[in-house]
Amino acid sequence: MTKYILVSGGVVSGIGKGVIASSTGLLLKTAGLKVTAIKIDPYMNIDAGTMRPTEHGEVYVLNDGGEVDLDLGNYERYLDVTLSKDNNITTGKIYREVIERERRGDYLGKTVQIVPHVTNAIQDWIERVSKVPVDNSGEEPDVCIVELGGTVGDIESAPFVEAMRQFQFRVGHENFALVHVSLVPDMHGEQKTKPTQTTVHALRGLGLLPDLIACRLLGPKPLERAAKDKISMFCHVASEQVIGVHDVSSVYHVPLLLQSQGIVDYLRKRLNLAALNIPQEMVSKGLSLEAKWKGMTKGQERLFDDVKVVLVGKYTDLKDSYMSVLKALEHSAFRVRRKLVIQWVESSDLETATQETDPAKYHDAWRSVVGAGGILVPGGFGQRGTEGMILAIKWAREQKVPFLGICLGFQMAVVEWARNVLGISDATSGEFQPEAANPFIIFMPEISRTHMGGTMRLGLRPTVFQPAANSVDPATSVDCPSVPTTNGITTESHVTTNGIHSSATTWSKARKLYGNAETMWERHRHRYEVNPEEVSRLEASGLIFVGKDERGERMQILELKDHPFFVGLQPHPELCSRPLNPSPPFLGFISAACGGSVLEEQLEEQMEGFKPPHPEGAMVSEETLRARTMEHPVSTGVGTMTGWGTPVMD
């Protein structure tokens with residue numbers, strides 16, 4: 001029987017339920033258990049795809065193309081699992097399912113109500129998804145972490161709270177535990193427990209009794225014994241069931257903070273985890289994971305050298321808009337043993353218009369860019385701030401500053417090259433000027449994963465490294481018959497001195513970062529791509545597309561050969577980064593920003609030991625993907641640009 005751990009929150013939203021849920025799951029993995037996770041978002045949206053990043057944070061994209069809440073990124077990173085869009089439940093999804101059932105007559109003419117129909121749909125969804133394998137074991141998870149978004153008492157979350165009240169009886173007391181996260185504010189040096197008492201009383205009144213109360217403290221001061229005893233007394237729990245979560249130097253220390261307060265021992269008894277009969281092999285894997293995690297966090301504390309990079313984006317007002325980008329940078333900094341220092345630059349601040357309206361802001365932005373060890377331009381939608389991105393990219397290219405462009409950043413690198421190298425001053429993107437004379441970026445509709453005709457290119461897709469990225473060294477390679485790649489495509493191959501099959505010794509740093517593989521897989525979320533009609537002109541002038549789709553029609557990785565590190569990717573590699581397995585492009589970017597021989601060292605390590613974070617069954621050709629997901633073509637007319645998955649433009 002699957003064990004369920006519900007994580008709820010009180011007092012205020014955004015106090016760290018996602019990190020605490022992920023940390024709890026990680027600790028259970030170190031005990032040898034297989035763990036999955038589900039996020040409940042009480043908003044009416046079907047998914048997060050249409051939400052503004054500056055309001056809700058980044059839209060996290062999964063392998064199956066699901067556009068979901070950013071907390072699912074926490075789950076995948078901490079638990080090293082691959083989730084699906086069904087692991088994110090929204091009110092919109094539940095109501096849609098219930099209404100579709102009613103229209104089909106599944107309720108046999110009964111009056112459809114919140115209780116029991118909506119609450120039963122929620123419980124059925126959780127029970128179904130909790131049993132889906134999420135790792136390479138292919139086995140049903142032992143534990144499912146369920147995070148309930150929002151705060152207890154919100155009108156939006158009421159049906160979900162009631163569903164979980166019923167669910168605890170459906171699965172049994174031994175298979176259901178509740179962790180309630182509450183704020184303990186510090187007022188003039190005194191830790192106040194009344195907000196926690198109030199939210200726990202409200203929770204108990206709704207029929208849910210917390211097994212653990214995680215007290216969130218906004219500061220480095222731990223939970224005091226007196227406050228802990230007071231919460232224990234007034235919230236009707238033992239003292240060992242009250243744990244403190246204060247600010248630590250890194251979120252990666254949170255699992256160790258929870259472990260030090262006995263959370264695993266408590267859950268082991270409360271959920272009778274011994275009855276699961278964990279195989280010794282899984283126990284050993286768990287111990288190995290624990291050792292690696294502790295090694296990573298301890299090593300982070302001993303870092304003295306730093307690496308300074310600038311992020312030039314258009315949603316910098318809310319740092320959560322770039323959550324996965326930030327995490328990928330952190331993971332890469334861990335690997336090269338450097339403290340990460342990020343300077344955030346609003347891209348529009350680099351534009352000449354800002355020089356006139358706010359000179360101080362303009363000069364501060366340029367001071368950051370000019371002094372950067374590396375320049376990163378991430379994704380986004382809409383024209384605002386793109387001229388500033390182009391200026392930053394031009395600086396990185398001409399001054400030989402390490403550069404990484406993601407999605408929109410990749411596209412703006414193409415536009416910058418067209419304007420300043422090819423001399424086409426009006427080169428632009430069709431996203432900004434649909435009737436442009438020289439559109440180097442155009443609308444390229446994708447097959448749809450929905451019956452609504454959405455045209456976003458979403459989810460995990462293959463990229464094939466091109467022969468242009470190779471230069472055969474006769475001294476280290478010999479001809480041999482062609483060999484099939486992982487996705488079944490056959491290419492000319494050579495055998496290097498270390499026995500690895502490769503198209504040839506490559507100059508491409510991007511390819512080396514992916515272990516010199518023939519094909520790599522990353523997640524996509526975009527609608528516009530490089531104009532295929534301009535590719536030959538771009539490559540002839542020196543902008544090489546080292547990675548393309550299987551048909552060679554879509555440009556997916558660009559790189560400059562005679563540059564310390566100048567790489568752009570149409571997909572979003574940050575979405576698959578892991579603390580112990582950083583995203584290859586981000587690792588290369590951070591390594592190059594460190595200077596010296598760091599990049600060469602990491603290229604060698606990646607060539608020898610890189611392993612993709614994806615399950616084996618997910619790394620397939622696009623044809624297989626289309627057949628598996630029942631995608632179908634859409635027309636290319638302007639009318640197809642609307643539909644589900646359309647991002648907010650700004």
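Which backbone nitrogen lies 3.1 Å from a polar atom of the side chain of Asn-88? That atom is the backbone nitrogen of Asp-69. The model is predicted, with local features requiring pLDDT of at least 70 and side-chain atom pairs pLDDT 80 or more, whereas totals for chains, interfaces and linings use all residues. Residues are numbered from 1 along each chain as its sequence is written, and side-chain values use heavy atoms, without hydrogens and water.

Asn-88 belongs to strand E5 (residues 88-90); strands here are DSSP runs of at least two residues and helices (H or I) of at least four, numbered from the N terminus. Asn-88 is buried because its relative accessibility is 1%, the cut-off being under 20% relative accessible area with a 1.4 Å probe and protein chains only. Residues up to four places away in sequence aside, Asn-88 touches Lys-39, Asp-41, Tyr-43, Val-68, Asp-69, Leu-72 and Lys-93, where contact means heavy atoms within 4.5 Å.

E17 (residues 439-443) and E23 run antiparallel and are joined by three bridges, and Ile-442 has Glu-529 in E23 as its bridge partner.

Technical notes: Buried < 20%, exposed > 50% of the residue type's maximum accessible area, 1.4 Å probe, protein only. Polar contact = N/O pair within 3.5 Å; in protein donor to acceptor, adjacent residues only side chain to side chain. Pairing = 2+ DSSP bridges.
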